[in-house]
Amino acid sequence: MMNIRNRPLFLLLILFVPAILFADLSEFYSGYSSFADSDFITDSNTGQSAFTTLLIPFGGLYEGMGTAFTAVASDVGFLEANPAGSSRIDVTQLSLMHNDWIADTNIESAAFTSRKDNFGFGFGGKFLYVPFTAYNDWGDRAGSGYYSETVLYANASYNAFRSYDFSGLSVGATLKGAYRNVPESVASGQSAFAGMIDLGALTRFNFLKPYPSRDKNFSLGLAVRNIGFASLDDNLPSNASLGFAYSPLRPLLVSFDYTFPFSLTLPAEQWEHPYFATGAKVAVTDNFAMQTGFTHRGSNPRFTLGGSVDLNDLTIIANYTLDLTTQLSSLDRFSLQATMALGDDGRQMTAQRIDEYYIAGLEAYAQGDFERAIQYWEAVLDLDPTYRPAHENLDLAQRSLDLLFNMRKLNTVE
């Protein structure tokens, strides 16, 4: 039987989802269109960059939380959101993703990430394709083929200054290569290549935390993405994002990103306006969570709703996105991600041994066996030299042992 962590929230979801399914969608779209055309939303500078595949999420939590992922970076989505995330991934992950984007446009992706102590790395690829037919001025078919964009990722990051009290400061970089293929029969000379780099930083700490947990509940992230140049004088969708993520309650995570687009080739007056994204994830049960997000960018604000099912070594995440390009007449704007956990390089087993040695040392100290307590705590420090309580207790045990030795020496002299 599933364990429901938040029963009122679960009941609210049961009532809320049917309300969405049976709502009057015509009224919704009318109000949504008016909202999108408002002065607050409209941005005439959008649509001036090439390789827009770089702005379409893999899927997974990155998309499900409305792309407010710069400070979350908890799965392979860090390849697109924040390069510093790989040095904080708990387990080695292999992810396969499908994104049913718009009409006949599909995106297939794959990513792999792993970590060795404080060093993390990852690789990935994304492939967008859409059938395309060219017609001449007389309406005759002139050519056909597939328009496609391919993006490859190679990431590395390092978590520095980590200690028992501080989770460290992670910094990372992702090298990316993108290729746009336009069939010669459709448009000659339009295929192009782009090379770029992403840079990122990430840290986590406790802030207004009302519940006990070893995990830090507040994160700050900074990422600068798509810095480079493309052939054919294409403008890349470069941007810088500052984000935070906060867990005020154990089952709830909220996030916010502020993104500042810029260009290395266009004048500043043609840069896209800054935009924001916000997201939330709620753990409904031990094995099921829901995520949602909102992105305000240009004239097409976007809502996302999704869910994730954790089957121990396999996690499946599905999302649905609603914006002005969504078509209810066709099954699009759905994404699906399957992530396989391939082990943690023994980190969990090491953590368990550290706990066992530390508790055994406490028990030995309480029984007055200072020498055995010292042995246990030295074993803790052999596994994790940054474990501050073991350092402190080791000093205390050594002083107690020295005091006991001196007292015995005085008794012997008397």
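**Around R180**

R180 is found in strand β5; strands here are DSSP runs (E, at least two residues) and helices are runs of H or I with at least four residues, numbered from the N terminus. Before going on, a word on the source: this is a predicted model, where local features need pLDDT of at least 70, side-chain atom pairs count only at pLDDT 80 or more, and totals for chains, interfaces and linings use all residues. Residues are numbered from 1 along each chain as its sequence is written, and side-chain values use heavy atoms, with hydrogens and water left out.

Is R180 buried or exposed? R180 counts as buried because its relative accessible area is 8%, where buried means under 20%, exposed means over 50%, and partly exposed is in between (1.4 Å probe, protein chains only).

What does R180 form a salt bridge with? The partner is D234, with the closest N and O atoms 2.8 Å apart. A salt bridge here is a side-chain nitrogen of Lys or Arg within 4 Å of a carboxyl oxygen of Asp or Glu. This pair links distant parts of the chain, since D234 is in the loop between β7 and β8 and R180 is in strand β5, 54 residues apart. D234 and R180 are both buried.

R180 also lies over the face of F51, 5.3 Å from the ring centre. The rule for that is NZ of Lys or CZ of Arg within 6 Å of the ring centre and within 35 degrees of the ring normal. The C-alpha atom of R180 is 6.3 Å from that of F193, which is 13 residues away along the chain.

**R333 and strand β14**

The structure holds ten salt bridges. Another one of them joins D323 and R333, with 2.8 Å between the closest N and O atoms. D323 and R333 both sit in the loop between β13 and β14, ten residues apart. D323 counts as buried because its relative accessibility is 2%, and R333 counts as buried because its value is 1%. The charged end of R333 is over the ring of W101, 4.0 Å from the centre.

Strand β14 (residues 334-341) runs antiparallel to strand β1 (residues 93-100), with eight bridges joining them; strands pair if DSSP finds at least two bridges between them. D100 has F334 as its bridge partner in β14. Strand β13 (residues 314-322) is also antiparallel to β14, with seven bridges, and there A318 is partnered with L336.

**Aromatic rings**

How many aromatic pairs are there? The count comes to 24, where rings of Phe, Tyr and Trp (its six-membered ring) pair if their centres lie within 6.5 Å; planes under 30 degrees apart count as stacked, over 60 as edge-to-face, and the rest as tilted. F218 and Y246 form a tilted pair, 5.8 Å centre to centre with 55° between the planes. F218 is in strand β7 (residues 218-230) and Y246 in strand β8 (residues 238-249), 28 residues apart. Both are buried. F218 and Y246 belong to one aromatic cluster, whose members also include F205, F244 and F303.

**Helix α7**

Last, R388 and E392 lie in helix α7 (residues 388-413), four residues apart, about one turn of the helix. R388 forms a salt bridge with E392, the closest N and O atoms being 2.7 Å apart. R388 is partly exposed at 31% relative accessibility, and E392 is partly exposed at 42%. Salt bridges with shared partners join D165, R388 and E392 into one network.
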